[in-house]
Amino acid sequence: MTRDRIPIFPLHNLLLPHTDLGVHVFEEPYRALVRHSLGNGHSFGVVLVDSLVGTLARIGGYARLPDGRYLLELEGTKRFRIVDSHQNGSYPTARVEWLHEHIGNFADARRAGDDVAALFQTYRMYRGDGDLPVQLPIDPVARSFVVASQLRIDVEDKQLLLECEAADERLEAEVAILHREIEQLEELRSTRA
């Protein structure tokens, strides 16, 4: 398995493959990380604080503010697992192994993907944003990550979705989450009526 050393940016938010995330960089160690990344390929690893599985972020756009802070638009590309971490310079780095994106059982992934698409629309209607268009990818891997990014659940639960080894497993977990969330939203609606 291929291993590389990359800069690491721990956050309290999660970046998933096939999704975007806006980040405000104000601490000096991470300003240095951004400066390094802008000069060396525009990418670095993003991990949830205290997690070992993260996503390689590509800087899709940025603004450097007069006081040296950065506003970044990050694009999640591929997953990795941290093998070991270092704090040699001003920001952390880690040796990582790249995680391959597997569909798993294609028939299960397709069925779960169809279930997720239908449940996701219902979920969004209950959340009040069903009229805003969201185009779900056809690819089961991409669909599983896009839906995970849109769920309004604890970041630790999203981390578990990121760590799923295959799309069929992630989509099945999302079916269960969507059923749970829809049931809670229905209960909330009935108590308000």
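Visitor: Hi! Is the crossing of α3 and α5 left-handed or right-handed?
Guide: Left-handed, for α3 against α5. The term means that the near helix is turned anticlockwise from the far one by less than a right angle, with clockwise giving right-handed. Before we go on: this is a predicted model, where local features need pLDDT of at least 70 and side-chain atom pairs count only at pLDDT 80 or more, while totals for chains, interfaces and linings use all residues. Residues are numbered from 1 along each chain as its sequence is written, and side-chain values use heavy atoms, with hydrogens and water left out.

Visitor: Thanks. At what angle do α3 and α5 pack?
Guide: About 35°, and the axes of α3 and α5 are 9 Å apart. Axes here are lines fitted to C-alpha atoms, for helices over the stretch in contact, and angles run from 0 to 180 degrees between N-to-C directions.

Visitor: Which residues of α3 and α5 meet?
Guide: From α3 there are Pro140, Val141, Arg143, Ser144, Phe145, Val147 and Ala148, and they meet Ala167, Arg170, Leu171 and Glu174 of α5. Contact means heavy atoms within 4.5 Å. By class, this contact of α3 with α5 has seven nonpolar residues, one polar and three charged. Ala, Val, Leu, Ile, Met, Phe, Trp, Tyr, Cys and Pro count as nonpolar, Asp, Glu, Lys and Arg as charged, and the others, Gly among them, as polar.

Visitor: And what about α4 with α5, how do they pack?
Guide: Helix α4 (residues 155-163) and helix α5 (residues 167-192) pack at about 155°, their axes 9 Å apart. That angle makes α4 roughly antiparallel to α5; the cut-offs are under 35 degrees for roughly parallel, over 145 for roughly antiparallel, 65 to 115 for roughly perpendicular, and oblique for the rest. The crossing of α4 and α5 is left-handed. On the α4 side the contact uses Asp157, Leu161 and Leu162, and on the α5 side Arg170, Ala173, Glu174, Ile177 and Arg180. Those residues split into four nonpolar and four charged, with no polar ones.

Visitor: How do the axes of α2 and α3 cross?
Guide: At roughly 30°, with the axes of α2 (residues 106-127) and α3 (residues 140-150) coming within 10 Å. So α2 is roughly parallel to α3. This crossing of α2 and α3 is left-handed. Among the contact residues are Ala109, Val116 and Phe120 of α2 and Arg143 and Val147 of α3. The classes for α2 with α3 come to seven nonpolar, two polar and two charged.

Visitor: Switching to strands: how does β4 pair with β5?
Guide: β4 (residues 53-64) pairs with β5 in the antiparallel sense over ten bridges. Pairing takes at least two bridges found by DSSP. Ile59 stands opposite Leu74 in β5. The two strands, β4 and β5, form a hairpin with five residues between them, and Gly68 in the turn has a positive phi of about 95°.

Visitor: What else pairs with β5, in the antiparallel sense?
Guide: Strand β2 (residues 20-25) does, with β5 (residues 70-86), over six bridges, and His24 stands opposite Leu71 in β5. β6 (residues 93-98) also pairs with β5 in the antiparallel sense over six bridges. There, Asp84 has Arg95 of β6 as its bridge partner, and a hairpin of six residues joins β5 to β6.

Visitor: Zooming out, how many helices and strands does the protein have?
Guide: Five helices and six strands, in the order β-β-α-β-β-β-β-α-α-α-α along the sequence. These are DSSP runs numbered from the N terminus, helices being H or I of at least four residues and strands E of at least two.

Visitor: What size of box do the C-alpha atoms fill?
Guide: Roughly 55 × 40 × 25 Å, taken along the principal axes.
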